[in-house]
Amino acid sequence: MLRIYNSLSKKKEEFIPNDPSHIKFYACGPTVYNKIHIGNARAFMSADLLAKVLKGIYSKVTYVCNITDIDDKIIDAAKEENLSIKDISTKYFNQYQDDTALLGISKPDIQPFATDYIDDMITYIEKLIASDNAYEKDGNVLFRVSSFPNYGCLSDRKLEEHDSGSRVKVEDFKENPNDFTLWKPSLNEDPGWESPWGRGRPGWHLECSVMSESTLDIPFDIHSGGNDLKFPHHDNEIAQTCAFHGNDDPTSFAKYWVHNGFLNLEDEKMSKSLGNVVYIDQLLQNYKGNEVRLALLSTHYRQPIPWSEDLLDQSHNIYVKLQSAFKEYGVVDGKFHVNSKVAEILLDDLNTPLAIRTMQDLVANPDENIENEIATFKYIFEGSNQDLSLSDVQVNQINELVKERDDARNSGDYERADKIRDKLSKMNVSIKDVNGKTEWEIL
Ligand SMILES: [Zn+2]
């Protein structure tokens with residue numbers, strides 16, 4: 001029913017799940033060291049689109065998107081902001097949750113954190129060493145790429161291409177410049193875990209192999225990510241997992257590999273005013289989450305998006321027109337109707353630009369199925385009650401403030417209690433004391 005472009009076979013294929021009663025999908029998630037920008041958001045939006053379509057047609061779908069909470073970039077950010085590693089990763093994880101929620105991106109079913117899987121990663125590495133797929137040198141453990149005959153099968157890179165005329169200096173702990181890190185030593189102040197190779201931390205590629213298999217088992221159906229992750233990240237994941245199981249066939253890990261295109265910030269006006277990188281929180285000062293969502297989905301997920309203010313303004317206009325047309329029909333909730341035209345278009349490799357044009361035509365010339373067409377469109381193109389609902393992070397934050405205020409009042413510190421009430425009111429939260437209990441609501 002669904003056709004999807006598989007980067008592994010390099011063609012559009014009919015999606016035939018390993019087990020239609022349970023679809024398993026893994027997408028590479030963020031490294032939480034900074035706010036997410038619109039280019040990051042495109043990858044999460046593409047994964048969300050695919051997850052929504054899968055959930056529209058199958059009764060049970062497990063969608064996993066990981067959180068990389070240990071990485072050199074996080075260590076650098078912690079030094080720069082003078083915060084602990086934990087504080088940095090928590091801060092930017094919260095921001096990621098809020099920003100994606102405002103874009104109507106649904107939460108994955110499972111969000112594994114890399115640091116919760118360190119023991120599994122160590123066990124994984126031990127087995128790769130035992131099978132001669134990896135080696136240790138000076139506290140580093142490297143994957144020996146020459147040990148995996150299919151290395152580079154996803155990106156179609158051959159090892160020789162990297163070797164010839166390489167100007168990159170090869171670290172002296174590497175047998176071959178292509179060998180990649182499974183484990184690296186941690187310096188004194190850097191975060192680290194005890195391991196058979198000394199105190200250290202895992203390599204990024206390994207995290208995804210371990211977390212995907214731990215949460216979904218292999219083979220799972222779909223692995224996705226941005227085009228830029230094809231090499232080396234995804235080819236390295238395939239090499240590790242296949243070598244770990246002694247099976248050279250990459251489909252023994254994941255059957256379909258789905259990659260989204262880049263986002264090009266071509267608009268000089270925009271890059272000047274926002275400084276080359278466009279963060280989601282900046283965009284949401286001027287546009288609704290659903291408008292940004294529509295702009296991201298107005299290009300086919302595999303094509304590059306030329307991102308500009310014009311695109312956002314067009315999307316704003318389309319959104320407003322569609323909303324007023326939808327109101328006539330009174331369709332409130334989104335639902336995926338498999339037999340609608342909009343669904344049929346999306347089931348053909350997620351053709352969102354054609355789905356948008358078709359919806360515009362349909363509201364101009366409605367047919368008898370118009371309510372189902374609108375419901376299907378809303379299900380995909382509108383976030384779930386994003387304007388009304390709060391993320392868990394926001395709810396937790398409010399609950400904490402309410403508790404702090406209760407504590408302040410109980411200890412007679414009314415000045416502090418009033419300050420917290422003011423802070424809550426700035427967040428549009430109103431509080432009432434009902435029978436000695438504090439209740440709150442969003443205004
Ligand atoms: Zn990954």
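**Around Ile305**

Modeller: Leaving aside residues up to four places away in sequence, Ile305 touches Arg42, Phe262, Leu263, Asn264, Leu296, Thr299 and Leu311, where a contact means heavy atoms within 4.5 Å. This is a predicted model, in which local features need pLDDT of at least 70 and side-chain atom pairs count only at pLDDT 80 or more, while totals for chains, interfaces and linings use all residues. Residues are numbered from 1 along each chain as its sequence is written, and side-chain values use heavy atoms, with hydrogens and water left out.

Ile305 lies in strand β12, residues 305-307; helices (H or I, at least four residues) and strands (E, at least two) are DSSP runs numbered from the N terminus. The relative accessible area of Ile305 is 0%, so this residue counts as buried, a word that stands for under 20% relative accessible area, with exposed for over 50% and partly exposed for what lies in between (1.4 Å probe, protein chains only). Glu266 is 39 residues from Ile305 along the chain, and their C-alpha atoms are separated by 9.3 Å.

Glu439 counts as partly exposed because its relative accessibility is 39%. With residues up to four places away again set aside, Glu439 touches Ser430, Ile431, Lys432 and Val434. Between Glu439 and Lys174 there are 61 Å from C-alpha to C-alpha, and 265 residues in sequence.

Elsewhere in the model, the zinc ion is coordinated at 2.1 Å by Cys28 (SG), Cys208 (SG) and His233 (NE2); donors are N, O and S atoms within 2.8 Å of the metal (3.2 Å for Na, K and Ca), and as water is not among the atoms, sites may look incomplete. Cys208 in helix α6 (residues 204-216) and His233 in helix α7 (residues 230-245) are 25 residues apart, a pair that links distant parts of the chain. Both Cys208 and His233 are buried.

As for aromatic rings, Tyr26, Phe220, Phe253 and Trp257 form one cluster, and the whole structure holds 16 aromatic pairs. One of these joins Phe93 and Tyr96, which are tilted, at 6.5 Å centre to centre and 40° between the planes. Rings of Phe, Tyr and Trp (its six-membered ring) pair if their centres lie within 6.5 Å, and planes under 30 degrees apart count as stacked, over 60 as edge-to-face and the rest as tilted. Phe93 and Tyr96 are both buried, and both belong to helix α3 (residues 85-102), where they sit three residues apart, about one turn of the helix.

To place all this in the chain, 16 helices and 14 strands make up its secondary structure. The radius of gyration is 24 Å, close to the 22 Å that the globule rule gives for 443 residues, so the chain is as compact as a globular protein of that length; the radius is taken over C-alpha atoms, and the rule is 2.2 Å times the number of residues to the power 0.38. Of the 443 residues, 51% count as buried. The mean pLDDT of the chain is 91, with 93% of its residues at 70 or more, pLDDT being the predictor's confidence in each residue, from 0 to 100. Over residues 385-389, however, the pLDDT is below 50, and this stretch has seven contacts in the model beyond near neighbours in sequence.
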